[in-house]
Amino acid sequence: MTRLLVLNGNTTEAVTERIAAAARAAAPAGVAIEAATAPYGLPLIVTRADWLLSGPPILAALAARRGQYDAAVIAVFGDPALEAAKLLLDVPVIGLSEAAFHAAAMLGRRFGIVSFSAALRPMFEDCLDHHGLRGRCAGFRMGPPDAAYPASLGAAERASLLALVRESVAQDGAEAVILAGGPLAGLAPLLQPEVPVPLIDGTAAAVRLAAALAGLPRPARPRAARPLSGYGPEIAALYAGSGLG
């Protein structure tokens with residue numbers, strides 16, 4: 001049995017529940033999902049400042065569960081703390097943006113990105129640049145910068161997002177569309193029958209990719225122990241040297 005940790009990087013349990021449901025629906029046979037919530041931090045990660053502040057609680061949660069999972073998903077679009085986690089942990093760690101962008105690039109020559117808040121766009125652009133995929137992005141269709149967490153995804157919310165998806169396809173030429181944001185987990189399968197191109201759910205893409213990578217060899221990254229001050233014991237343990245479990 002492959003054990004997969006799916007970590008919601010904000011502190012809103014309702015988002016964790018939504019992500020967990022989408023992750024379990026997407027998990028291949030033989031993959032067990034454990035969903036977790038950041039131990040402290042922000043109720044919703046929206047701005048660049050939020051993104052930067054969310055790194056330590058994400059790393060703390062991943063470190064606290066070492067040895068209990070074979071791969072992990074950081075379930076926050078924009079992928080905060082992802083590069084640090086890849087370097088400090090000895091299991092594969094996948095980000096939602098990373099997985100969604102690569103999946104969309106394989107399903108269409110150009111892909112669109114749809115989300116509930118335009119405040120997220122700078123982090124998405126950073127991720128696109130990091131992965132060399134900015135040129136494959138057809139454009140962004142997003143809600144207002146001050147949009148709050150969509151606590152429900154009822155008829156009104158679905159209609160609004162569906163309109164943005166259709167604009168991405170009709171006006172931007174997107175051949176695949178990413179529904180970006182942990183709070184939108186599980187929405188893609190519901191809207192897919194009304195959209196003529198593939199809709200990408202970052203949670204589903206990340207879970208399937210993490211499950212595939214769990215059985216592959218990892219690069220050896222021997223490290224000398226380095227002392228930390230001011231961080232909790234979980235993060236400090238990541239700097240204790242090689243041989244992490």
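**Entry 1: threonine 203**

I began with threonine 203: leaving aside its neighbours within four places in sequence, it is in contact with Ile19, Ala22, Ala23, Leu96 and Ala185. For contact I took heavy atoms within 4.5 Å. I noted that this is a predicted model, where local features need pLDDT of at least 70 and side-chain atom pairs count only at pLDDT 80 or more, while totals for chains, interfaces and linings use all residues. Residues are numbered from 1 along each chain as its sequence is written, and side-chain values use heavy atoms, with hydrogens and water left out.

I placed threonine 203 in helix H9. Helices (H or I, at least four residues) and strands (E, at least two) are DSSP runs, numbered from the N terminus. Is threonine 203 buried or exposed? I found it buried, at 2% relative accessibility. My cut-offs: buried is under 20% relative accessible area, exposed is over 50%, and partly exposed is in between (1.4 Å probe, protein chains only).

**Entry 2: alanine 206**

I stayed in helix H9 for alanine 206. Alanine 206 is buried, with a relative accessible area of 0%. Leaving aside neighbours within four places in sequence, I found alanine 206 in contact with Val73, Ile94, Gly95, Leu96 and Ala99. I also checked serine 168, 38 residues apart from alanine 206 along the chain. The C-alpha atoms of the two are separated by 22 Å.

**Entry 3: H1 against H9**

Next I looked up how helix H1 (residues 13-26) packs on helix H9 (residues 202-213). The angle is about 50°, and the axes are 8 Å apart. Axes here are lines fitted to C-alpha atoms, for helices over the stretch in contact, and angles run from 0 to 180 degrees between N-to-C directions. H1 and H9 are therefore oblique to each other. Angles under 35 degrees count as roughly parallel, over 145 as roughly antiparallel, 65 to 115 as roughly perpendicular, and the rest as oblique.

Which residues meet in this pair? From H1 I listed Ile19, Ala22, Ala23 and Ala26; from H9, Thr203, Ala204, Val207 and Arg208. By class, I noted six nonpolar, one polar and one charged residues in the contact of H1 with H9.

**Entry 4: salt bridges**

I then turned to charged pairs. A salt bridge is a side-chain nitrogen of Lys or Arg within 4 Å of a carboxyl oxygen of Asp or Glu. How many salt bridges are there by this rule? I noted nine.

Arginine 3 pairs with aspartate 70, with the closest N and O atoms 3.3 Å apart. This pair links distant parts of the chain, 67 residues apart: arginine 3 is in strand E1 (residues 2-8), and aspartate 70 is in the loop between helix H3 (55-64) and strand E3 (71-74). Arginine 3 is partly exposed at 34%, and aspartate 70 is partly exposed at 26%.

Arginine 48 forms a salt bridge with aspartate 126, the closest N and O atoms being 2.7 Å apart. Arginine 48 lies in helix H2 (residues 48-53) and aspartate 126 in helix H6 (residues 121-130), so this pair ties together parts 78 residues apart in sequence.

Glutamate 167 is partly exposed at 27%, whereas arginine 141 is buried at 18%. Arg141, Glu167 and Asp172 are linked in a network of salt bridges.

Technical notes:
Ala, Val, Leu, Ile, Met, Phe, Trp, Tyr, Cys and Pro count as nonpolar, Asp, Glu, Lys and Arg as charged, and the others, Gly among them, as polar.
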